[in-house]
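Reader: I have a model to look at and some questions about it. Can we go through them one at a time?

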Amino acid sequence: MHVLEYLHKPSEVNVKIIDILKQDKMSLSFEVFPPKKETSFDSVKAATESIAALGPAFMSVTYGAGGGVSHYTLDIAKNLKEKFNIPMLAHLTCVSSNKDTIHQRIEDMKAAGIKNVMALRGDLTPELIANGRDNCDYHYAVELIRELKDSDSDFCIGAACYPEKHPESANQKEDIQHLKEKVDAGADFLTTQMVFDNNLFFNFMYKLREAGVTCPVLPGIMPITNANQVERAIKLSGSFMPQRFKSLVDKFGSDPEAMKQAGIIYASDQIIDLYANGITNVHVYSMNKPDVAEGILRNVSAILGKNFAG
Ligand code: FAD
């Protein structure tokens, strides 16, 4: 693993992500996910450490759907923060939790020294869809954002947004109104669902600004590096796949090495186009894959002004 020259200074570790985003400087951040079971903890920890060693602007750690093995999110975030001085963003979902659990999670984040929280509703489980949400303590992410704001800590808060609208929304206008409620409630920045066509992101940005949403918005880029990921990514996100991308999967999908190279280059190309058009920070869904994260960083290293030491 080649390590970038630049590593975070200890004084930078407690920085708020909004302050990174406000700098007029291009940067890249990476997302990782926690292990689903104890037996995979060590391998996930090693993968996340290899990604942290690349020196991204910050890293985010997702929160298991349904809140299952939730403490791993903080375990991973705390480890990377302490070992690599990386500013960390811990995700938290609320729809499957009661107030006591959420209050406990907030206390746990404070104790772990986490300054940045991605406040999410979470996907609806089959039980929640079948039984309805009348008895739930939380119905939408905005309620969690208010709760975080009311807690006596000064969290920097991120929230999710959807350039192609959230699948449950009747239309984009309504979705953007609900998004604005999250920002008005205290979300400092937004990160998008994965986009494979930058024009969808740029069009979305026009609509957000027109609706009065002025905070920083990070485009979320998902490198697709094997053909099996494609179906899953579309199912989870509903994101549009451009023909240019589909052709690449058709041609190289059966050759793992070729598909990985093509996926890294496609994502890098999207990132360069975003930087070229005025976006300063891009968030990469690096999916615990250090080689993919490194491949992308190599392709934009001169743009970011970083040189590889190794
Ligand atoms: P909300 O903002 O609550 O929106 C959900 C839906 O409700 C939307 O259709 C919205 O328009 C609508 N809505 C909002 N407020 C109202 C209102 N007052 N009245 C009526 N309708 C309303 N999932 C995980 O389990 N763990 C993760 O770590 C995770 N990380 C994510 C990170 C990003 C960047 C993104 C984009 C998604 C992530 N998800 C994660 C998935 C996310 O939990 C789902 O997409 C979920 O279905 C919606 O979460 P939300 O926070 O966007 O919800």
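Reader: In which sense do strand 7 and strand 8 pair?
Author: This is a predicted model. Strand 8 covers residues 281-284. Over 2 bridges, strand 7 and strand 8 pair, and the sense is parallel.

Reader: Which residue is the bridge partner of Gly220 in strand 8?
Author: Gly220 belongs to strand 7. Look across to strand 8. There, Gly220 has as its bridge partner His283.

Reader: How many bridges join strand 6 to strand 7?
Author: Strand 6 and strand 7 run parallel. In strand 7, Val217 stands opposite Leu190. The number of bridges that join strand 6 to strand 7 is 3.

Reader: Which helix makes a β-α-β unit with strand 6 and strand 7?
Author: The unit is right-handed. Its helix covers residues 198-210. That is helix 8.

Reader: Which element gives the largest share of the shell around the ligand?
Author: Several elements give two or more residues to this shell, among them strand 3, strand 4 and helix 6. Helix 7 (172-185) and strand 6 (189-194) are also on that list. The largest share is 3 residues, and it comes from helix 7.

Reader: How many polar residues does the shell around the ligand have?
Author: The shell holds 23 residues, and those that come nearest include His91 and Arg121. By class, 8 are nonpolar and 5 are charged. The polar residues number 10.

Reader: What is the radius of gyration of the chain?
Author: The chain has 12 helices and 8 strands. For 310 residues, the globule rule gives 19 Å. The chain comes close to that, so it is as compact as a globular protein of that length. Its radius of gyration is 19 Å.

Reader: What percentage of the contacts in the chain with a separation of 6 or more is between residues 24 or more positions apart?
Author: Two residues are in contact if their C-beta atoms lie within 7 Å. Count the contacts with a separation of 6 or more. Residues 24 or more positions apart account for 82%.

Key. Residues numbered from 1 in each chain as written. Predicted model: local features only at pLDDT ≥ 70, side-chain atom pairs only at ≥ 80, totals over all residues. Near = placed C-beta within 6 Å. Helix = DSSP H or I, 4+ residues; strand = E, 2+ residues; numbered from the N terminus. Nonpolar A, V, L, I, M, F, W, Y, C, P; charged D, E, K, R; others polar. Buried ≥ 20, exposed ≤ 12 C-beta atoms within 10 Å, placed from the backbone. Pairing = 2+ DSSP bridges. Right-handed = clockwise from strand over helix to strand, strands pointing away. Rg over C-alpha atoms; globule rule 2.2 N^0.38 Å.
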